[in-house]
Amino acid sequence: MHRREFLSNALRAVVMRSVAPRSAAWVGNPSLGLPALGTSNANSDVGRELDRHRFGVNYTPSKNWWFCWNEWDADSIKRDLDSIASVGADHLRILLIWPYFQPNPKWVSPLHLERLDQLLTLMGERHLDAVVTVFTGQLSGWYFLPPFNQPGSGFYSDAGIWKAQEMLIRELARVISAKDNAIGFDVGNEVNTCWSTEPRLGDAWMTKMFALMQEVLPHGLHVNGVDEVPWFEVNTFSPQALAARPIPVMHCYPYWSGALKYGGPMDPPSTKLLAAMATLIRSYAADGTKGDPRKPVWAGEFNTCIESLPEKQQAEWLEKAVVAAIESGVSWFSYWDSHDVDRKFDFNPLEYTLGLFTNDGKIKEQGRAFKRLADAYRGRPVVFPSQPVPSPPISRNQETTWRWMLDWMGWKPRNG
């Protein structure tokens with residue numbers, strides 16, 4: 001099933017139920033003999049050098065998943081963060097749940113802000129930087145809609161929703177601006193999967209939102225972590241507007257992107273997906289009339305999401321995919337995710353085994369592969385491609401875009 005079909009079915013059920021610049025300060029890492037990004041002064045452009053490699057994870061708390069915002073256990077979080085730091089990660093993407101933090105359009109929960117403050121502090125003590133998602137209304141196939149939600153285009157155009165969004169951003173900034181280890185905001189977790197609209201409205205809202213984020217966190221690096229769809233199809237944000245950001249973000253999963261239609265898990269459509277999507281993004285990042293081969297790109301989420309793939313092969317895929325992406329000049333990597341999800345919770349089966357660690361904290365083959373990659377490349381200069389970027393696909397749909405990427409890979413599917 002296509003991910004948007006899976007999510008739209010879940011959202012339909014929810015709706016039915018609810019009707020009623022590039023400089024950086026560096027912290028030396030003597031174990032590598034390399035400069036390594038770490039926590040530093042929040043009033044400088046710390047950890048934002050886009051032409052050096054970074055390695056991090058999307059944090060999935062081992063105890064109580066992201067329900068932990070309501071069921072807080074600092075000790076288990078400390079253990080998680082120690083494990084994450086042990087494999088060489090330098091940053092985490094942390095997922096806020098919008099209705100937990102803002103259950104009313106005119107009120108943001110002080111308790112949840114306090115817990116965010118504590119999490120950022122615990123991360124800073126372990127030299128882990130943070131990118132903070134904001135409008136997370138969908139996460140891992142579940143929907144978390146605020147009681148004042150406006151569906152679809154209303155999210156991007158309703159004046160009352162904007163006032164609520166602005167309040168949340170300003171309240172979060174009060175916490176984050178005091179921290180030494182905040183990279184910046186991510187608009188949300190794939191907001192286009194939760195609130196779709198025409199790109200004209202999406203781009204205008206995104207421009208306004210980034211202006212607000214820059215106002216309240218002027219030294220932050222702010223991104224919009226959409227899923228793969230706006231790069232493949234006409235949906236919510238234009239690829240030109242997304243690619244114009246200082247470092248556009250891509251979410252890459254062979255299972256969800258359709259790569260397995262064109263080859264096996266270890267064939268180029270899968271192992272070179274990150275590299276190909278980065279090139280696709282650069283084709284929309286106009287440098288004059290041509291794409292920009294030196295555009296920094298961030299792999300903000302990536303994994304196979306292939307449930308049948310053994311752990312050893314998952315680790316093999318991770319190494320192949322990241323090395324291919326590095327050879328294509330991808331700057332930053334944030335793996336999905338840190339820990340397996342506790343099976344006491346009801347999730348799509350794909351979600352349970354995506355971590356670098358088991359739910360009880362044991363390192364997996366993926367974790368060992370991640371550490372090898374982080375130790376080898378973290379802090380090293382990015383080598384950007386020197387070859388011109390092909391022109392973008394002639395039309396934006398799955399088939400045409402995939403044909404464009406397959407041509408770039410030089411891969412001919414066995415089925416023709």
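Trainee: How many bridges join strand β12 to strand β13, and which way do the two run?

Mentor: Strand β12 (residues 298-302) and strand β13 (residues 332-336) run parallel and are joined by 2 bridges. Strands are DSSP runs of E with at least two residues, helices are runs of H or I with at least four, and both are numbered from the N terminus. Two strands pair if DSSP finds at least two bridges between them.

Trainee: Which residue is the bridge partner of W298 in β13?

Mentor: The partner of W298 is W332. Please note that this is a predicted model, in which local features need pLDDT of at least 70 and side-chain atom pairs count only at pLDDT 80 or more, while totals for chains, interfaces and linings use all residues. Residues are numbered from 1 along each chain as its sequence is written, and side-chain values use heavy atoms, with hydrogens and water left out.

Trainee: What is the order of the strands in the sheet?

Mentor: The order is β8-β5-β4-β3-β13-β12-β9, an open sheet of 7 strands with parallel pairing. Its edge strands are β8 (182-186) and β9 (249-252), each of which pairs on one side only. On average, and with direction ignored, neighbouring strands are turned by 20° against each other. Such angles run from 0 to 180 degrees between N-to-C directions, and axes are lines fitted to C-alpha atoms, for helices over the stretch in contact.

Trainee: Changing topic, which strands does α12 lie across?

Mentor: Helix α12 lies across β9, β12 and β13, and runs at about 145° to β9. Helix α14 (residues 365-377) lies across β3 (54-58) and β13, at about 150° to β3.

Trainee: How do the axes of α12 and α15 meet?

Mentor: The axes of α12 (residues 273-284) and α15 (residues 398-409) come within 10 Å and cross at roughly 110°. The two helices are therefore roughly perpendicular to each other; that label covers 65 to 115 degrees, with angles under 35 counted as roughly parallel, over 145 as roughly antiparallel and the rest as oblique. Their crossing is right-handed, which applies if the near helix is turned clockwise from the far one by less than a right angle, anticlockwise being left-handed.

Trainee: Which residues make that contact?

Mentor: From α12 they are L273, A275, A276, M277, T279, L280 and S283, and from α15 they are T401, W402, W404, M405, W408 and M409. Contact means heavy atoms within 4.5 Å. The residues divide into 10 nonpolar, 3 polar and no charged. Here Ala, Val, Leu, Ile, Met, Phe, Trp, Tyr, Cys and Pro count as nonpolar, Asp, Glu, Lys and Arg as charged, and the others, Gly among them, as polar.

Trainee: At what angle do α13 and α14 pack?

Mentor: They pack at about 25°, with their axes 7 Å apart, and are therefore roughly parallel to each other. This crossing is right-handed. Residues in the contact include E311, Q314 and L318 of α13 and E365, F370 and R372 of α14. The contact holds 9 nonpolar, 2 polar and 4 charged residues.

Trainee: Now the loops. Where is the cis peptide bond?

Mentor: It joins W336 and D337, with omega of about 5°. D337 is placed in the loop between β13 and α14.

Trainee: V341 lies in which loop, and is it buried or exposed?

Mentor: V341 is in the loop between β13 and α14 and is buried, with a relative accessible area of 6%. Leaving aside residues up to four places away in sequence, V341 touches T60, W65, F347, E351, Y352 and N359. V341 and Y352 are 11 residues apart in sequence and 4.7 Å apart in space, C-alpha to C-alpha.

Trainee: What is the phi of T236?

Mentor: T236 has a positive phi of about 70° although it is not a glycine. T236 lies in the loop between α8 (229-232) and α9 (239-243) and counts as buried at 0% relative accessibility. C305 is likewise not a glycine and has a positive phi of about 60°; C305 lies in the loop between β12 and α13 (311-327) and is buried at 4%.

Note on methods:
Buried means under 20% relative accessible area, exposed over 50%, partly exposed in between (1.4 Å probe, protein chains only).
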